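Morning, everyone. Please have the sequence and the structure open. I will walk through aromatic rings and one surface patch.

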Amino acid sequence: MQSKGAVKLFAILLALVCLYQLSFTLVTKNVEKNAKEFAAGDPAKEKSYIDSINTQPVYPLLGFTYKKCKDNEINLGLDLKGGMNVTMEVSLVDLIRAMSNYSTDATFNKALENAQAAQANSTENFVKLFVKEFNKLDQNAKLAAIFGTKELSDRVNFNSTNDEVEKVIQTESDAAFDRTYQILKTRIHKFGVTQPNVQKLGNNRILVELPGIKEPERVRKLLQGTAKLEFWETYDNKDIYPILDQVNNLLKLSTNTDSTATALSTDSNVVITDTIASVPDTSKVDTTASLMSQLGKKEGDTTTTDSSAAANKSFQDFARENPLFAVLAPAIQQNEANQTELRKGPVIGSSLTKDTARVNEIMKMDAVRSKFPREFKALWSVKPIDKEGKVVQLVAIRMPVRDHLAPLDGAAIVDARKQKGQFTDNWEISMSMNAEGARVWKRLTHDNVEKSIAVVLDDYVYSYPNVIQEIAGGNSSITGQFTLDEAEDLANILKVGKLPAPARIVEDTVVGPTLGNEAISSGLLSFVIALILVLVFMVAYYNNAGLVADIALFANVFFVMGILASLGAVLTLPGIAGIVLTIGMSVDANILIFERVREELTLGKGMRLAVSDGFKHAYSSIIDSNVTTLILGIILYIFGSGPIQGFATTLIIGILSSLFCAIFITRLIFDWMFAKNKEIKFWNNTTKGAFKNIHINFVGKRKLYYAISGTIIAIGLVAFMMKGLNFGVDFEGGRTYVVRFEKSVETVQVIDALKGPLTKSPEVKTFGNNNQVKITTSYLIEDQSPKAKQKVSDKLNEGLKAVQGESAYKILSSQKVGPTIADDIKSSAVWAILISCALMFLYIFVRFRRWQFGLGAVVALLHDVLVVLSFYAIFNGILPFSLEIDQAFIAAILTVMGYSMTDTVVVFDRIREFVGVHHHAHDQKKVINDALNSTLSRTINTSLTIFFVLLAIFIFGGEVIRGFTFALLIGIVIGTYSSICIATPIVVDFAKKDLEPAK
């Protein structure tokens, strides 16, 4: 083997990178194990433990914090971890209306209405649909007359053509989409979810994945709310500090008086002192201690704590004496005379990010609220003030006496842009206001000279500039040590208020932690069983050469997991299925090589030469088969979303890793064995003569095979006409819920209980065990209002309570797919299959240089799709598990196509080889038969291996992917059959002249 040193170096470097990436997962799992042991089953204590060490070093060798390790561990998808997956669609209808200043023009509004209706059955850009409908209604109507507003006057004038205005609308819609994306990212970041995923999907849609989320309704409100920009007057620190000191003493009193403690508790009856006392000893207090060490006696100060006492006391002792100041360090400083004094400005304190929730709890207490003025409220700064990102500030807001509403909000902003500061080199955001906003801003700045005005977005303070003089003209700026990216993002966020573009949820999936834990268990079990099956089979059939393949297989799994971790890819349950399938498919390359070596040994060659020639002769088939599967994986990744992309990701990585391990790792091991004079065996007494002397007339029986396939497809067609297919919500639109009851339940009983509240009978199917059902309903699916989800949930619970009682059930997961996105999924599925077929035809035509081979491959692919669909139609409602046609089914179909193409390419490659060697033979059909028979050992061994792997997934992989693996099981059998009995006969029938016996 050439470049052996380079291969070794690459393998070692890849192994080190994978080990490094996987080490983060090992560290975080160890920390979380310690947290569980500390908490002893108490979730609050477990969370408190994790929060306390979030920014502390936990990686002994490299000193990385827990947060850093958590960000770099293997990402688990929602189906494994539980959480929420939301697809949001930016409403361009509202955006276009706002751009027209809410024009009442009849043609304009009718065009919008028609475009909305057309979008339900079209994937075309909405702006194009709108302009097309506008022109259709009135060819002489001018868009410039509607969009020639003051705000767009620099780009739209009376002479602008409709095409020019269309470009302006498209530019603004694209910009609004980007700004909506930015604000959603900011909101999710501030929500505090570990490893969130926010990405653009196209078609004005945004995907938001929030693993581990436990408050889905809160998330829905957070995501669908409009960006809220406000300008507030503020209190000065000197006005609020005495009140904070009173609160601190009041809470201190509560530590010694049970009745007072109870009175100070919030509705959740959380006693501050109990919670503080529960902080584990591992929590670092240096940041708080350094802030608190400045706390001392000052003029007019009633506190009895001085800096030396604070410095000497342990954190626990200090917390007992100062319950508030332990979590909120007052805004004090040392002056030039080294005396402690209050800082000027609206900042009233600083807290560690992990303590902000505690401060909020304190501020909500009735006894505490009564100490502050009615106009007071406190908001946190958006940016930490320290390099480590641990400390944020609390700002005192002064609300108007009359209505407590912000005197100025984002509705006044007409433009915002980033710029360099006038007197500094820092980035800042310049804002322009409308006439009303300019008037209010002038009054606001006039009334607050030498005071601060807080700029607040979504209840977080971005800056609090000090007003030097009255500002006229409606121009202002926000400063705050922004980087270029931060300034650009904030400017974009502020502009969202100018162009209202609501984002509505069109797809919504919630997976509970119970279902996630069960999915992990079932997924790992299927993984282990599948791995054992493959390892045992390879050794049993190929002797110690099979052991070499097993070592390469272990290396392959290790590389796949390491690459997944390094790319930050999300591992889903279909992703685990992809890895398990990769295990089965990865041995295919080794089987190809080993079968070639066995052939060379049968010809009498020595072991070293047989291994060398076996590898050389197998390369063509290995490359061809893996490239075709890789093409399918890429198509699946492009057209899929969510879990399906996870499956495609692992499949693509698995194919590339399998190629490297089969071709190079196994060869390196064989070379090492030769160097050490180790004996190598590729068979045993039982398998030595397997599949020899087989002479099946495949070509002669091709009409029989056509009849068998035709009969299955015909029966499937009849079943489809009688029963139809079971389309899931991915294709139909609707809501699904997985519900688990305490006892076994009949589906009829659940239907009867729900048909009243949901106005019509939902579809209810047993999902796994007899106490678990999957409920599908279209109730209020067309309702886009934010309250629709809650209405459906209330009605669902109303019905479910009547089945076995109010506390006798649990909703494990829920999913909503709107009608528009369902149409897009259908379209994507069709295009994925058509493009796959086209690319397969093109690749086979280029590689084999005869169109008959391309045609045979494509016919075999379509045959496989139709037969699998036929089985789904025939067994729909008969088998005891779901046979839904959904995105997972499309992934299964494309995977089957990939496997079938792999098999077909290997068969075609052997036919090409035999025909090339025996091109002078009298009967070319006999040559093709001999080629087909020679591939049986490889075809059957590979198929059996993958079949056993899939069988393990089917039995042990859990209910969620049972229908998915059933399609794969059928597909593997059909794919193996079609590569020999359909694809090759098609080639024979369309190349008859070339195959006629010579005369």
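What share of the contacts in the protein chain with a separation of 6 or more comes from residues 24 or more positions apart? The figure is 74%, where contact means heavy atoms within 4.5 Å.

A word on the source. This is a predicted model: local features need pLDDT of at least 70, side-chain atom pairs count only at pLDDT 80 or more, and totals for chains, interfaces and linings use all residues. Residues are numbered from 1 along each chain as its sequence is written, and side-chain values use heavy atoms, with hydrogens and water left out.

Now the overview. The protein chain has 35 helices and 25 strands. These are DSSP runs, numbered from the N terminus: helices are H or I with at least four residues, strands are E with at least two. The chain has 999 residues, and 53% of them count as buried. Buried means under 20% relative accessible area, exposed means over 50%, and partly exposed lies in between, with a 1.4 Å probe and protein chains only. The accessible surface is about 44,700 Å². Carbon and sulfur atoms hold 56% of that surface. Areas come from the Shrake-Rupley method with a 1.4 Å probe; for residues, only the protein chains shown count as cover.

On to the rings. How many aromatic pairs does a search of the whole structure find? It finds 31. Rings of Phe, Tyr and Trp (its six-membered ring) pair if their centres lie within 6.5 Å; planes under 30 degrees apart are stacked, over 60 edge-to-face, and the rest tilted.

Take phenylalanine 24 and phenylalanine 64. Their pair is tilted, with 5.6 Å centre to centre and 40° between the planes. The pair links distant parts of the chain, 40 residues apart. Phenylalanine 24 is in helix 1 (residues 4–39), while phenylalanine 64 is in the loop between helix 2 (43–52) and helix 3 (66–72). Buried or partly exposed: what is phenylalanine 24? Its relative accessibility is 1%, so phenylalanine 24 counts as buried. Phenylalanine 64 is at 21%, so that residue counts as partly exposed.

Next, phenylalanine 954 and phenylalanine 966. This pair is also tilted, at 6.4 Å centre to centre and 40° between the planes. Phenylalanine 954 belongs to helix 33 (residues 936–956), and phenylalanine 966 to helix 34 (residues 962–990). Phenylalanine 954 is buried because its relative accessible area is 16%. Phenylalanine 966, at 13%, counts as buried too.

Rings also come in groups. Phe537, Tyr541, Tyr542, Phe594, Phe615, Phe670 and Phe682 form one aromatic cluster.

Charges next. Which ring lies under the charged end of arginine 667? That is phenylalanine 615, with the charged end 5.1 Å from the ring centre. Lysine 68 does likewise over phenylalanine 64, at 5.6 Å. The rule: NZ of Lys or CZ of Arg within 6 Å of the ring centre and within 35 degrees of the ring normal.

Last, the surface. Leu525, Leu533, Ile940, Leu944, Phe948, Leu951, Ile955 and Phe956 form a nonpolar patch, with about 600 Å² of accessible area together. Patch residues have over 30% relative accessible area and no salt bridge; like charges are joined within 9 Å, nonpolar side chains (Val, Leu, Ile, Met, Phe, Trp, Tyr) within 5 Å. A salt bridge is a side-chain nitrogen of Lys or Arg within 4 Å of a carboxyl oxygen of Asp or Glu. Helix 33 gives the most, six residues. Phenylalanine 948 sits in helix 33.
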